[in-house]
Amino acid sequence: MTQTPRPFLHFVKPEIDEETIQGVVEVFRSGWITTGPQNQQFEAELSAYVGGRPVRAFNSGTCTMEIGLRIASVGPGDEVITTPMTWVSTANVILEVGVTPVFVDIDPLTRNMDLNLLERAITPRTKAIMPVYLAGLPVDMDRLYEIARAHGLRVIEDAAQAFGSTWKGKRIGAIGDIVSFSFHANKNVTSIEGGALVMNNEDEAELARKYRLQGITRTGFDRMDCDVLGGKYNLTDVAARVGLGQLRQIERFTAKRRELARAYFDAFEGGAAVKLGIGLPPRNFTDSNWHMFQIALPLEKLGLTRAEFMAQMKERGIGTGVHYPALHLFTLYRARGFREGMFPHAERYGASTVTLPLFTLMSTDDVARVVGSIDEICEQFANHGKHSG
Ligand SMILES: *Cc1c(COP(=O)(O)O)cnc(C)c1O
């Protein structure tokens with residue numbers, strides 16, 4: 001390589017500003033570091049963000065989904081429909097409440113659950129749908145809720161990646177049934193680890209509060225009762241303060257991500273990668289928060305495995321990720337009868353997808369550098385193969 005060395009470009013990096021760091025210092029100095037006033041403030045601002053709907057904050061965007069299922073009274077004997085193209089926690093929480101998930105394949109263009117297949121997967125035992133908004137791109141929300149209403153189904157939205165996304169101008173979370181967000185360090189808004197559940201009414205929110213901390217309700221100075229089996233899912237005030245500092249910048253974060261996504265499309269235009277048939281994400285600059293920019297590699301034409309491609313990128317100082325292998329092929333799900341060939345679009349995409357760097361601290365020059373490297377790899381390997389390139 002002849003280029004001058006540049007700092008390694010990771011595929012994701014959180015932007016924590018000085019105001020947030022100072023805020024965290026104040027939380028430490030206040031003496032109240034676990035769930036308290038910051039958590040309350042975080043919930044209030046989250047609720048305001050989603051149009052006043054009730055919100056409870058948690059320590060992950062996984063427990064939120066499990067609690068969402070419990071609030072919807074999903075349990076043994078029921079079926080819950082989701083997609084195999086997601087972080088494994090979406091399906092794991094379905095197992096956690098004693099239900100075997102029902103998967104439907106993805107639409108190869110949006111990479112989200114194919115709503116045409118969703119209708120066919122509904123049986124008399126279906127209780128709920130868990131759609132996932134991969135990379136922050138919502139499904140057709142009108143169609144989703146039309147199907148849910150027609151069949152009397154609950155919807156627990158895995159909107160872990162969709163904080164800041166919209167549907168027809170309305171924020172994800174401000175519409176819909178039960179909506180789950182994640183604030184993991186890699187998400188568009190982070191509380192280091194954390195999550196939030198948006199619900200329909202105060203009864204659901206009260207139940208969520210109980211599930212969050214051992215099912216306990218305190219009254220008066222000294223009374224305590226436990227009437228549901230809750231767990232330990234509360235968010236610390238240190239984490240909530242990070243979340244508050246992030247939440248207040250959401251509009252800027254989303255605008256920056258959309259700008260970078262546009263820069264990706266511009267940079268790819270007419271280049272070697274596109275000529276080779278690389279799969280780009282849907283061009284959506286209105287609804288998606290651009291949580292990720294994912295390409296599908298034409299591996300056969302490239303004569304490389306995905307791991308070899310990722311190694312080539314790493315050699316050029318660029319980090320990439322994989323989101324995700326089709327989860328029904330994991331051992332835990334194979335043990336429940338899932339096999340190759342059941343969800344061909346998810347399997348093909350899962351075997352060929354690579355996530356490119358996209359985070360608010362990046363520049364459009366970084367984008368040009370990423371795409372330049374991909375075009376270079378495509379030119380080098382496409383016609384020659386890996387041994388003569
Ligand atoms: C991040 C993520 C989750 C889980 O969130 P955690 O906060 O890490 O528990 C669930 N589903 C999807 C699609 C995610 O991206």
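Colleague: Are Trp 290 and Phe 293 buried or exposed?

Modeller: Both Trp 290 and Phe 293 are buried. Buried means under 20% relative accessible area, exposed means over 50%, and partly exposed is in between (1.4 Å probe, protein chains only). Trp 290 has a relative accessible area of 3%, so Trp 290 counts as buried. One caution: this is a predicted model, where local features need pLDDT of at least 70 and side-chain atom pairs count only at pLDDT 80 or more, while totals for chains, interfaces and linings use all residues. Residues are numbered from 1 along each chain as its sequence is written, and side-chain values use heavy atoms, with hydrogens and water left out.

Colleague: Where does Trp 290 sit in the chain?

Modeller: Trp 290 belongs to the loop between helix 10 (272-276) and strand 12 (293-296). Helices (H or I, at least four residues) and strands (E, at least two) are DSSP runs, numbered from the N terminus. The backbone of Trp 290 has a positive phi of about 50°, although Trp 290 is not a glycine. Ile 192 is not a glycine either, and has a positive phi of about 75°. Look for Ile 192 in the loop between strand 8 and strand 9.

Colleague: How do I read aromatic pairs?

Modeller: Two values describe a pair of aromatic rings: the distance of the centres and the angle of the planes. Rings of Phe, Tyr and Trp (its six-membered ring) pair if their centres lie within 6.5 Å; planes under 30 degrees apart are stacked, over 60 edge-to-face, and the rest tilted.

Colleague: How many aromatic pairs does that rule give?

Modeller: The count is 17 aromatic pairs. Take Phe 103 and Phe 343: their ring centres are 6.0 Å apart and their planes stand at 75°, so this pair is edge-to-face. Phe 103 is in strand 3 (residues 101-103), and Phe 343 is in the loop between helix 13 (331-334) and helix 14 (344-352), so the pair ties together parts 240 residues apart in sequence. Phe 103 and Phe 343 are both buried. Now compare Trp 290 and Phe 293: this pair is stacked, with 5.6 Å centre to centre and 25° between the planes. One aromatic cluster takes in Tyr 264, Phe 265, Phe 268, Phe 285, Trp 290 and Phe 293.

Colleague: Which residue lies over the face of Phe 285?

Modeller: Arg 262 does, at 4.1 Å from the ring centre. The rule asks for NZ of Lys or CZ of Arg within 6 Å of the ring centre and within 35 degrees of the ring normal. Arg 212 lies over the face of Phe 58, at 5.6 Å from the centre of that ring.

Colleague: What is the peptide bond from His 323 to Tyr 324?

Modeller: This bond is cis, with omega near 10°. Tyr 324 lies in the loop between helix 12 (306-315) and helix 13.
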